[in-house]
Amino acid sequence: NSLWSLYTNKSYKAKIQKADKNKVYNVDGKPGVVYNFFEDSYAEVNEQGLVVTGVAGEMWPIGEDALKKYNVSIEQLSNEPTEVDTIETGAVLCGVQIPVDTEFTLETDYGEKVMLKGNRSGIEHGKGDYVLVAAKLENGKYLPDFSDSGRIVNGTVFDKLYKSMN
């Protein structure tokens with residue numbers, strides 16, 4: 001447990017667009033699919049959902065309920081990417097950095113199970129990728145909430161997205 005540190009998100013620029021199952025994003029010949037090169041994962045977009053492009057050009061789908069993290073309303077978005085600033089939510093997260101020479105996988109479930117790959121070969125990871133989960137307050141201390149399926153954040157962009165609370 002002492003390996004886990006506390007973090008919260010920073011504000012940063014991202015791009016968001018309405019999802020379109022007929023649009024080819026970044027996977028040739030596969031409309032309605034986005035590829036996140038950091039974790040080597042493919043995800044189908046949801047017709048009611050959105051597609052985010054992150055600080056390094058990585059893409060992933062989100063639901064409309066996740067818009068609260070971005071300073072934009074659904075009415076301001078179209079099928080073309082719109083630049084937005086994320087909001088510093090103040091939410092506390094628990095994170096641990098996995099050394100770069102350790103490849104690992106993390107199964108997430110945000111409505112659909114996806115297997116993410118951390119520290120995978122072929123791309124840069126700095127000193128290593130991070131695993132982040134929500135934090136829960138127990139007896140005045142924040143502890144990792146393992147009921148949250150978590151996420152991997154690439155070590156090269158982590159400091160642009162999150163700041164330490166320790």
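## A buried aromatic pair

F158 and Y162 are both buried, where buried means under 20% relative accessible area, exposed over 50% and partly exposed in between, with a 1.4 Å probe and protein chains only. This is a predicted model, in which local features need pLDDT of at least 70, side-chain atom pairs count only at pLDDT 80 or more, and totals for chains, interfaces and linings use all residues. Residues are numbered from 1 along each chain as its sequence is written, and side-chain values use heavy atoms, with hydrogens and water left out.

## Aromatic rings

A pair of aromatic rings is described by the distance of the centres and the angle of the planes. Here, rings of Phe, Tyr and Trp (its six-membered ring) pair if their centres lie within 6.5 Å; planes under 30 degrees apart count as stacked, over 60 as edge-to-face and the rest as tilted. By that rule the structure holds seven aromatic pairs. One of them is Y130 with F158, a stacked pair at 3.6 Å centre to centre and 10° between the planes. It ties together distant parts of the chain: Y130 sits in strand β11 (residues 130-138) and F158 in helix α1 (residues 158-161), 28 residues apart. Helices (H or I, at least four residues) and strands (E, at least two) are DSSP runs, numbered from the N terminus.

Y130 counts as buried because its relative accessibility is 11%, and F158 does so at 1%. F158 also stacks with Y162, at 5.2 Å centre to centre and 25° between the planes.

## The open sheet

Four strands make up an open sheet, ordered β6-β5-β2-β7, with antiparallel pairing. β6 (59-62) and β7 are the edge strands with a single partner each, so one side of each has no neighbour in the sheet. From one strand to the next the twist averages 35°, with axes taken as lines fitted to C-alpha atoms (for helices over the stretch in contact) and angles running from 0 to 180 degrees between N-to-C directions.

Two strands pair if DSSP finds at least two bridges between them. Strand β2 (residues 13-18) runs antiparallel to β7 (residues 82-85), joined by four bridges; K13 has D85 as its bridge partner there. Four bridges also join β2 to the antiparallel β5 (residues 50-53), where K15 partners T53. β5 and β6 are antiparallel too, again with four bridges, and V51 stands opposite P61 in β6.

## Two nonpolar cores

A nonpolar core is a set of buried Ala, Val, Leu, Ile, Met, Phe, Trp, Tyr and Cys residues joined through side-chain atoms within 4.5 Å. The largest has 22 residues, and I16, L67, Y70 and Y162 have the most contacts inside it. β2, β5, β11 and α1 each put in at least two residues.

Beyond its neighbours within four places in sequence, L67 is in contact (heavy atoms within 4.5 Å) with I16, L50, V72, S73, I74 and L77. A second, separate core of eight residues includes V96, I98, F104 and L116.

## N119 in its loop

N119 is found in the loop between β10 (113-118) and β11, and it counts as buried because its relative accessible area is 3%. A polar atom of its side chain lies 3.1 Å from the backbone oxygen of I98, and the side chain of N119 also reaches the backbone oxygen of P99 at 3.0 Å.

Leaving aside neighbours within four places in sequence, N119 has contacts that include V100, T102, E103, H125 and D129.

Conventions: Polar contact = N/O pair within 3.5 Å; in protein donor to acceptor, adjacent residues only side chain to side chain.
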